[in-house]
Amino acid sequence: MSTGAAHEQAGIDELRWWDLEEVADHDAAVFGPTAWTLTYYWAVKAQAGTAMFAARTPTSALAGWIVMSAAGGEADVMTIATTEVGRGQGIARELLRVGIDWALSRGAQAVHLEVDEHNEPALGLYRSFGFSEWGRRPDYYPGADAILMRFHP
């Protein structure tokens with residue numbers, strides 16, 4: 001879907017229903033107490049106006065995923081993460097690009113997300129795309145505020 005080193009190392013495709021258990025297992029490892037459950041992934045996958053994409057290495061190892069929603073000119077990055085094998089390779093950047101492209105194709109005029117205030121790598125990624133802070137949710141994450149960010153393409 002895109003070019004660059006990350007694309008050569010991982011392919012990004014729509015996340016299939018049979019991959020949800022694997023993603024939920026990795027989600028628990030990445031996000032701990034705030035992780036989405038398999039049941040929640042199933043519920044989100046069934047909703048209209050959502051899309052899920054996964055990045056896989058050439059050996060089919062899960063490298064990361066993104067879940068997007070879009071309606072009425074607004075889109076949300078519901079979750080995005082990389083696995084250990086996907087970190088530091090530009091996978092999150094490519095997933096975010098694919099997610100934003102999907103949102104734009106659905107008519108989004110703004111893309112929103114929230115991020116743990118201590119997640120510096122994610123904050124740097126989002127800022128590099130042009131996301132800016134517009135608010136906070138105090139104590140949203142264990143021991144941290146959620147920074148609310150938006151991007152106007």
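**Salt bridges and a helix crossing**

Glu133 and Arg136 form a salt bridge in which the closest N and O atoms are 3.0 Å apart; a salt bridge here is a side-chain nitrogen of Lys or Arg within 4 Å of a carboxyl oxygen of Asp or Glu. The model is predicted, so local features need pLDDT of at least 70 and side-chain atom pairs count only at pLDDT 80 or more, while totals for chains, interfaces and linings use all residues. Residues are numbered from 1 along each chain as its sequence is written, and side-chain values use heavy atoms, with hydrogens and water left out.

Arg136 also meets Glu117 in a salt bridge (2.8 Å, N to O). Glu117 lies in the loop between strand S5 (110-116) and helix H5 (120-129), and Arg136 in strand S6 (residues 132-141), so this pair ties together parts that are 19 residues apart in sequence. Helices (H or I, at least four residues) and strands (E, at least two) are DSSP runs, numbered from the N terminus. Glu117, Glu133, Arg136 and Asp145 are linked in a network of salt bridges.

Three of these residues can be described by their accessibility. Glu133 is partly exposed, with a relative accessible area of 39%; this class lies between buried, under 20% relative accessible area, and exposed, over 50% (1.4 Å probe, protein chains only). Arg136 is likewise partly exposed at 38%, and Glu117 is partly exposed at 21%.

By the rule given above, the count comes to 10 salt bridges. One of them joins the side chains of Lys45 and Glu14 (3.9 Å, N to O). Because Lys45 lies in helix H3 and Glu14 in strand S1 (residues 11-14), the pair ties together parts that are 31 residues apart in sequence. Lys45 is partly exposed at 25%, and Glu14 is partly exposed at 44%.

Lys45 also takes part in the contact of helix H3 with helix H2. The axes of H2 (residues 20-31) and H3 (residues 38-46) come within 9 Å and cross at roughly 125°, where axes are lines fitted to C-alpha atoms, for helices over the stretch in contact, and angles run from 0 to 180 degrees between N-to-C directions. This makes H2 oblique to H3, because angles under 35 degrees count as roughly parallel, over 145 as roughly antiparallel, 65 to 115 as roughly perpendicular and the rest as oblique.

In this contact (heavy atoms within 4.5 Å), Leu20, Glu21, Val23, Ala24 and Asp27 of H2 meet Leu38, Tyr41, Trp42 and Lys45 of H3.
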